[in-house]
Amino acid sequence: RILSNSKAAVNDDNGTGNHKAVYTVLYYKRKNKVHKSKGVSKMDGILTILAPPKSLVSLTTPTGTAVVGARRESEIASQEWVDDSILNLGQYEVEILSKV
């Protein structure tokens with residue numbers, strides 16, 4: 001699932017489980033397990049991650065339309081993502097552009 005450039009998350013919420021990270025991203029829908037991003041249109045999006053214990057991840061368009069609704073993704077939520085990281089979220093491949 002995790003493809004590149006992640007580091008352990010720092011949960012700065014004093015144990016309340018409310019640490020939230022928001023990133024601007026590019027994403028595209030993968031066609032199959034052996035996929036290639038060359039020549040595929042990538043769309044702008046917003047990735048929102050609630051840290052454990054909630055571990056909820058959602059992907060939306062810049063206008064707020066849900067692409068992938070909030071879903072429990074422990075592996076993704078337990079990471080602090082840096083620019084240019086790539087991850088898989090359901091049927092989408094997501095590239096982190098920057099943290100908001």
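Strands here are DSSP runs of E covering at least two residues, numbered from the N terminus. This is a predicted model, in which local features need pLDDT of at least 70 and side-chain atom pairs count only at pLDDT 80 or more, while totals for chains, interfaces and linings use all residues. Residues are numbered from 1 along each chain as its sequence is written, and side-chain values use heavy atoms, with hydrogens and water left out.

**View 1. S98 in strand β7.** Here you can find S98 within β7, which spans residues 92-99. S98 counts as partly exposed because its relative accessibility is 27%, between the limits of under 20% for buried and over 50% for exposed (1.4 Å probe, protein chains only).

**View 2. The surroundings of S98.** Setting aside neighbours within four places in sequence, S98 is in contact with V22, Y23, T24 and D83; contact means heavy atoms within 4.5 Å. From S98 to W81, 17 residues apart along the chain, the C-alpha separation is 9.0 Å.

**View 3. The largest cavity and its lining.** A cavity is a set of points, on a 1 Å grid over the protein atoms alone, where a 1.4 Å probe fits but cannot get out; lining residues have an atom within 4 Å of a point. The lining of the largest cavity holds eleven residues, and H19, A21, I49, A77 and Q79 lie nearest its centre.

**View 4. Strands around the largest cavity.** At least two lining residues come from each of β2 (20-29), β3 (43-50) and β6 (79-89). With three residues, β6 gives the most to this lining.

Technical notes: 1 Å grid on protein atoms, 1.4 Å probe; cavity = no way out; pocket = protein on both sides within 12 Å on 5 of 7 lines; lining within 4 Å. Helix = DSSP H or I, 4+ residues; strand = E, 2+ residues; numbered from the N terminus.
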